[in-house]
Amino acid sequence: MGKDLTILYRGPLASCDYDCPYCPFAKRRDSGDRLRADRAALERFTAWAAAQTGDRLSVLFTPWGEGLVRSWYRRALVELSRLPHIERVAVQTNLSGRTGWLSEADRDKVALWCTYHPGQTPYERFLGRIRELADLGVRHSVGIVGLGEHLEEARRLRAALPPEVYLWVNAAEGHTYTDEEADRWTALDPLFPYSRHPHRSAGLPCRTGDSVISVDGDGTVRRCHFVRAELGNLYDGSYRSSLGPRGCPLEVCDCHIGYVHLETLPLYDVFAGGVLERIPARPVRAPAPDGLAHPRPGRRLLPYVSR
């Protein structure tokens, strides 16, 4: 029996062409051997995904570095988008590279999660890339890290983007926001309150480990990027017997690609049809709740399960 499965893939790639001070992988260079290993790992994963015709797959590439400057990531998105059993294929990117190659993809399935990094690329160049995506008809969201020095650039970007393009704001790691600061960011991204605070997750039901998994370059399967316990291996199929509902073993979850899958949050409804690329189902105009996760009435805690 086929399964609907969302896969977060992260291979060995850790190099980036940007030098963001808030990122540990800024301006990191991968060796030739590491790049070849990353390419081989991605091609193996793509071949595996292509062969899973009995399942319905959605794939989000979440490289530590910038993937789209590498030909093998561009090719993987194009090839996967054309397969009938692939529901969506998306990638997180700084959008520093060209976009014309996307004309070869199925634009009903391919999508980009784009981050603007002020000081790393000229504003007009980034905005030009976004306009290219719009002209190509490629689904995309646009976002920025919520640092004070980025606020005016974020306002400028929001004013330039079409109203239907969602501008998301990620809370800066380790930063505590005053209510006044949070209000400024919420005026740009009404969903910012979900990012502002970590979400209680211990024992709470989460789709990861059941309908969502994380896969690394060796094929090791985990429930998500943030829980190290292994569920098996993708390529020998051993992970399948480990899939099932389970409570989160961590105290809190503070990253969107993690907490979006918590069943105690309404984000699957908010992003219906656009969970991977972070595109809300409807325009977001009103402030969200406080962003703190509270169990729904009658929702039982699930046991901690490491496998």
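**Notebook: salt bridges and nonpolar cores**

I searched the whole structure, which is a predicted model, and the search gave 16 salt bridges.

I looked up E43 and found that it forms a salt bridge with R75, with 3.2 Å between the closest N and O atoms. E43 sits in helix α1 (residues 32–51) and R75 in helix α2 (residues 71–81), so this pair ties together parts that lie 32 residues apart in sequence. I then checked accessibility: E43 has 39% relative accessibility and counts as partly exposed, and R75, with a relative accessible area of 31%, is partly exposed as well. I also noted that R39, E43 and R75 are linked in a network of salt bridges.

Next I turned to E277 and R88, whose side chains meet in a salt bridge at 2.9 Å, N to O. E277 belongs to the segment after α8 (267–270) and R88 to strand β3 (residues 86–93), so the pair ties together parts 189 residues apart in sequence. I recorded both E277 and R88 as buried.

Because D179 lies in helix α5 (residues 179–188) and R196 in helix α6 (residues 192–196), parts 17 residues apart in sequence are tied together. D179 is exposed, with a relative accessible area of 52%.

Finally I looked at the largest nonpolar core, which holds 63 residues, and saw that F45, F61, L112, L157, W185 and I213 touch the most other members. Another core lies apart from it and has 21 residues, including W113, V212, V260 and L262. Leaving aside neighbours within four places in sequence, I listed the contacts of F61, among them Y9, L42, F45, L80 and V91.

Conventions
Residues are numbered from 1 along each chain as its sequence is written. This is a predicted model: local features need pLDDT of at least 70, side-chain atom pairs count only at pLDDT 80 or more; totals for chains, interfaces and linings use all residues. Side-chain values use heavy atoms; hydrogens and water are left out. A nonpolar core is a set of buried Ala, Val, Leu, Ile, Met, Phe, Trp, Tyr and Cys residues joined through side-chain atoms within 4.5 Å. Buried means under 20% relative accessible area, exposed over 50%, partly exposed in between (1.4 Å probe, protein chains only). Contact means heavy atoms within 4.5 Å. A salt bridge is a side-chain nitrogen of Lys or Arg within 4 Å of a carboxyl oxygen of Asp or Glu. Helices (H or I, at least four residues) and strands (E, at least two) are DSSP runs, numbered from the N terminus.
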